[in-house]
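This report examines a single protein chain, moving from terms to particular residues and then to the chain as a whole. Please keep the sequence and the structure in view while reading.

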Amino acid sequence: GRVNAWFCQEHKMLRIFAVDGDLYCDFASDVYGRIVTKVDEGPRFLGKTCILGLGYQTGPAKLRVTLYLQSGGEINLSLDECKHIVYDLYRGKYTQIVKGWYDGEFAINKMHTLEPGETYPWRCLIVEKGRIRLPSGMYLNYPDLQAELDDQGRVQYEYWNGKHPTNLYGGKLIENIVQALARVVLGEMMININRWLIANQSRYGSEARIVLTVHDEIIALGLTQYAEEIFERMKDFMSQVPDWCNDGTLVLKAEGGFDTCYSK
């Protein structure tokens, strides 16, 4: 949610992060018409599912099924209720996120129409023919990007994903970009943490190092006597915003803990 809010410059979300608020609870409060806190597990779960899905153009029908399945049947909303959540509450509130999907459509068109060697700058990205360059220098590739008209005369895009043609649209491209940028952020954090551990081997020992990453987690190994010290420093590193997105609007925060084995 943080990277999506930053990339699309959705300040309604960014302001919540800036004051260390909980975006899932905030949106759930809109849905339920009352204050939702972290102890309200069911309502917060709905808020989380909405924020993580609706930001990438999920529609009412898919939201309804997702909520039902992921809650084990406990959240069973009508299609009309989901339409209200999608169109009135989410898209009506987070207009910059919606604008981001249209920017994504424009970028897809650029990937399709640019000549080899031509570029189009977009935020921290560089759009090229059939691909987008990330701040790390790596690429999101969309080989054999094709355009065709659907039954209603609208332009639809698809590319070859290595196995079969797959659709590409604004919300999907934004999701690809956000996930890629989040991985770039995490990768830079891992490099910085490892450099710090190596530079301080005389204190922490040669066994202190990063051993694993899971989604948005970084897991490191260290001696028990230094576990809390290393953990606190890791949190500092994971709260630092990279130079390429340090415009004062993105706020990063880390939490976690330490144990004798990998655990939650």
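## A term for exposure

A residue is called buried when its relative accessible area is under 20%, exposed when that area is over 50%, and partly exposed in between. The model discussed here is predicted.

Strand β8, which covers residues 209–214, contains Val 211. Is Val 211 buried, partly exposed or exposed? Its relative accessibility is 42%, so Val 211 counts as partly exposed.

Val 211 also belongs to a nonpolar surface patch, together with Leu 212, Leu 221 and Tyr 262. The area of this patch is about 340 Å².

Helix α7 holds Trp 101. With a relative accessible area of 4%, Trp 101 is buried, because the limit for that class is 20%.

Which residues does Trp 101 touch, if neighbours within four places in sequence are left aside? The contacts are Leu 54, Gly 55, Tyr 56, Gln 57, Arg 91, Gly 170, Gly 171 and Ile 174.

In general, the strands of a sheet pair through backbone hydrogen bonds, and the pairing may be parallel or antiparallel. In this model, an open sheet is formed by 4 strands in the order β1-β2-β3-β4, with antiparallel pairing. Strands β1 (120–122) and β4 (139–141) stand at the edges; each has a single partner strand, so one side of each lacks a neighbour in the sheet. From one strand to the next, the twist averages 25 degrees.

Strand β1 and strand β2 (residues 125–128) run antiparallel and are joined by 3 bridges. In one of these pairings, Trp 122 has Leu 125 in β2 as its bridge partner. Helix α7, formed by residues 95–113, lies across β1, β2 and β3 (131–133), and runs at about 155 degrees to β1.

## The chain as a whole

The secondary structure of the chain comprises 10 helices and 9 strands. Along the principal axes, its C-alpha atoms fill a box of roughly 65 × 55 × 35 Å. Of the 264 residues, 40% are buried.

Among contacts between residues at least 6 apart in sequence, 49% join residues at least 24 apart. The chain exposes about 15,000 Å², and carbon and sulfur atoms supply 50% of this area.

Notes:
Residues are numbered from 1 along each chain as its sequence is written. This is a predicted model: local features need pLDDT of at least 70, side-chain atom pairs count only at pLDDT 80 or more; totals for chains, interfaces and linings use all residues. Side-chain values use heavy atoms; hydrogens and water are left out. Two strands pair if DSSP finds at least two bridges between them. Helices (H or I, at least four residues) and strands (E, at least two) are DSSP runs, numbered from the N terminus. Axes are lines fitted to C-alpha atoms, for helices over the stretch in contact, and angles run from 0 to 180 degrees between N-to-C directions. Contact means heavy atoms within 4.5 Å. Patches are made of residues with over 30% relative accessible area and no salt bridge: like charges are joined within 9 Å, nonpolar side chains (Val, Leu, Ile, Met, Phe, Trp, Tyr) within 5 Å. Accessible areas come from the Shrake-Rupley method with a 1.4 Å probe; for residues, only the protein chains shown count as cover. A salt bridge is a side-chain nitrogen of Lys or Arg within 4 Å of a carboxyl oxygen of Asp or Glu. Buried means under 20% relative accessible area, exposed over 50%, partly exposed in between (1.4 Å probe, protein chains only).
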